[in-house]
Structure formats: structure tokens, C-alpha cells
Amino acid sequence: MDTALTLAWVEQAARVVAENRDHLTNLDAAIGDSDHGINLDRGFTHVLDALRQTPPQTPGGVLLTVGGTLISKVGGASGPLYGTAFRRAGKSLGDTANADMHQLSDALVAAVEGVRQLGAANPGDKTMVDALLPAVEAFAAAVEADADLVAACTAAAEAAERGSAATIPLQALKGRASYLGPRSMGHEDPGAASTALILGALATVAAEAHHA
Ligand code: ADP
Ligand code: MG
């Protein structure tokens, strides 16, 4: 994965977040404060500006800019959590110009570890971790099985989607939704849903690059 593909991912993620802004906000209306889509869409708009102003020269540099911008521009829980995920992934990649499958897998592991350190969420707490962790595991399993980038990203995106759907019956134990107690059950977690979208964007651009 080179710098151009990393930039393409971020641009595609910004696009799907914008397209799903109202959907994500509606999910947050059910169990939060109706701002998740707005928060992320604003964040990714700032991200695109920052990338245009100072174009990074490496995949890790792109991810560090994404993370730093999300931390500084997005309020709420999700800005620092997503920001930390991208920053940790960027740091993990270091200054490599073209990340191989193992480096990408390590970067994803670093991302989910960062989210869990900051937010202290366990699997099953009905948060973005419920989408991100199975995705990271699916990516690692695909790499172990010698899958290529398209197959590994597709496996990760599908695992994130399943993980997000599986948050519906759960009771939220972290974040704003936990204030609702059992009334948080029956709704998909907005942060898990956005994680599935962002990883879906990665699978999309990987497939496009492969067929180009
Ligand atoms: P806020 O809850 O501050 O309004 P957002 O609405 O933007 O922020 O984001 C809410 C999402 O953040 C939740 O759906 C959940 O996925 C995620 N989240 C909240 N708290 C945590 C946490 N401690 N660990 C992991 N994810 C969390
Ligand atoms: Mg919210």
C-alpha cells in the first residue's frame, strides 16, 4: 500500500462518511446525542483540507495527518478515538513508502490497541471496538493465509459489518449510550457502523487499484 492508495482510501472514506452522514446521525439519535455523522463528516472535511495543504510523502504520514486532524477538529468521544486509531497506525508504519501486508496488519493492531487504551472498551461493550477488533483479526488471518490486499481488506470490511450488526442486541457499557442502560438494546452502535464504512472504503479503493 503506497501513499497514493492511502490518500485514495482517505478520500473514499470522506465520501462514504458524507453520503452516510444522516444515517450515522440517526443511529446516534437513537442511543446518543444525534451528532456522530455530523462530527465525522466535519472531521473528514478538515482532513481533506489538511492533506491538500501539506501533502504527506508516505502512507504513515497520511495517517498521522488524518489522526491529528480528527483529534483536534472533532469533538465528542469519536474524534479522539478515531484520531488515536489513525495516529497509532501511522506511527506503526513509520517512514515506509510502500507498506507490505504484515506492516498493514501490524498497523491495524496498533490502531485497535490505541482505541482500547484510550476508551477502555472491551468487545461486547457496544462500541466501535466491536467492528474494529474483528476486522483487525480478519485482516491478520487473511495475511496468515497469504491473501492479497484486496482479499484481506474485503475480509476486514465484511468482519466489521458483521461486528457492527451484532451490536444491535447489546447493551452499551461505554460512552454516552451507556447512560440509557437496557434501553440502548435494539439499536446499532453508530461508531461501529462508521468503522464498517471506513474499512469498506479501504476495500473499495484496494479493489479499484487492483483492477486499474
Ligand atoms: P459522543 O458520544 O461524544 O457524542 P460520537 O457520537 O461522535 O461522540 O461517537 C459515539 C461513538 O463513539 C459510539 O457509537 C461508540 O462507537 C464510540 N465510543 C464512545 N465511547 C467509547 C469508548 N469508551 N471506547 C470505544 N468507542 C467508544
Ligand atoms: Mg454523539
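**View 1. Residues at the contact of helix 8 with helix 9.** In this predicted model, Leu149, Val150, Cys153, Thr154, Ala157, Ala160, Glu161 and Ser164 of helix 8 are in contact with Ala192, Ala193, Ala196, Leu199, Gly200, Leu202, Ala203, Ala206, Ala207 and His210 of helix 9. Sorted by class, the residues that helix 8 and helix 9 bring to this contact comprise 13 nonpolar, 4 polar and 1 charged.

**View 2. Geometry of the packing between helix 8 and helix 9.** The axes of helix 8, which spans residues 149-165, and helix 9, which spans residues 190-211, are 8 Å apart and form an angle of about 160°. Because of that angle, helix 8 runs roughly antiparallel to helix 9. The crossing in which helix 8 passes helix 9 is left-handed.

**View 3. Packing of helix 1 against helix 9.** Helix 1, formed by residues 3-19, crosses helix 9 at roughly 130°, and the axes of the two helices come within 8 Å. Helix 1 and helix 9 are therefore oblique to each other, and helix 1 passes helix 9 in a right-handed crossing. On the helix 1 side, Leu5, Ala8, Trp9, Gln12, Ala13, Val16 and Val17 take part, and they meet Leu197, Ile198, Ala201, Leu202, Thr204, Val205, Ala206 and Ala209 of helix 9. By class, this contact between helix 1 and helix 9 has 13 nonpolar and 2 polar residues, with no charged residues.

**View 4. Packing of helix 7 against helix 9.** Helix 7, made up of residues 129-144, and helix 9 have axes that come within 7 Å and cross at roughly 35°. Ala131, Leu132 and Ala135 of helix 7 make the contact with Ala192, Thr195 and Leu199 of helix 9, and the contact of helix 7 with helix 9 has 5 nonpolar, 1 polar and no charged residues by class.

**View 5. Surroundings of ligand 1.** There are 20 residues around ligand 1, and of these Asn39, Ala77, Ser78, Gly119 and Asp189 come nearest. Asn39 places a polar side-chain atom 2.9 Å from an oxygen atom of ligand 1, while a polar backbone atom of Gly119 is 2.9 Å from a nitrogen atom of ligand 1. For Met128, a backbone N or O atom lies 3.0 Å from an oxygen atom of ligand 1.

How values were computed. Residues are numbered from 1 along each chain as its sequence is written. Chains are lettered from A and ligands numbered from 1 in the order in which they are written. This is a predicted model: local features need pLDDT of at least 70, side-chain atom pairs count only at pLDDT 80 or more; totals for chains, interfaces and linings use all residues. Side-chain values use heavy atoms; hydrogens and water are left out. Axes are lines fitted to C-alpha atoms, for helices over the stretch in contact, and angles run from 0 to 180 degrees between N-to-C directions. Helices (H or I, at least four residues) and strands (E, at least two) are DSSP runs, numbered from the N terminus. Angles under 35 degrees count as roughly parallel, over 145 as roughly antiparallel, 65 to 115 as roughly perpendicular and the rest as oblique. A crossing is left-handed if the near helix is turned anticlockwise from the far one by less than a right angle, and right-handed if clockwise. Contact means heavy atoms within 4.5 Å. Ala, Val, Leu, Ile, Met, Phe, Trp, Tyr, Cys and Pro count as nonpolar, Asp, Glu, Lys and Arg as charged, and the others, Gly among them, as polar. A residue is near a molecule or strand if one of its heavy atoms lies within 4 Å of it. A polar contact is a pair of N or O atoms within 3.5 Å; within protein, one must be able to donate a hydrogen and the other to accept it, and residues adjacent in sequence count only if both atoms are side-chain atoms.
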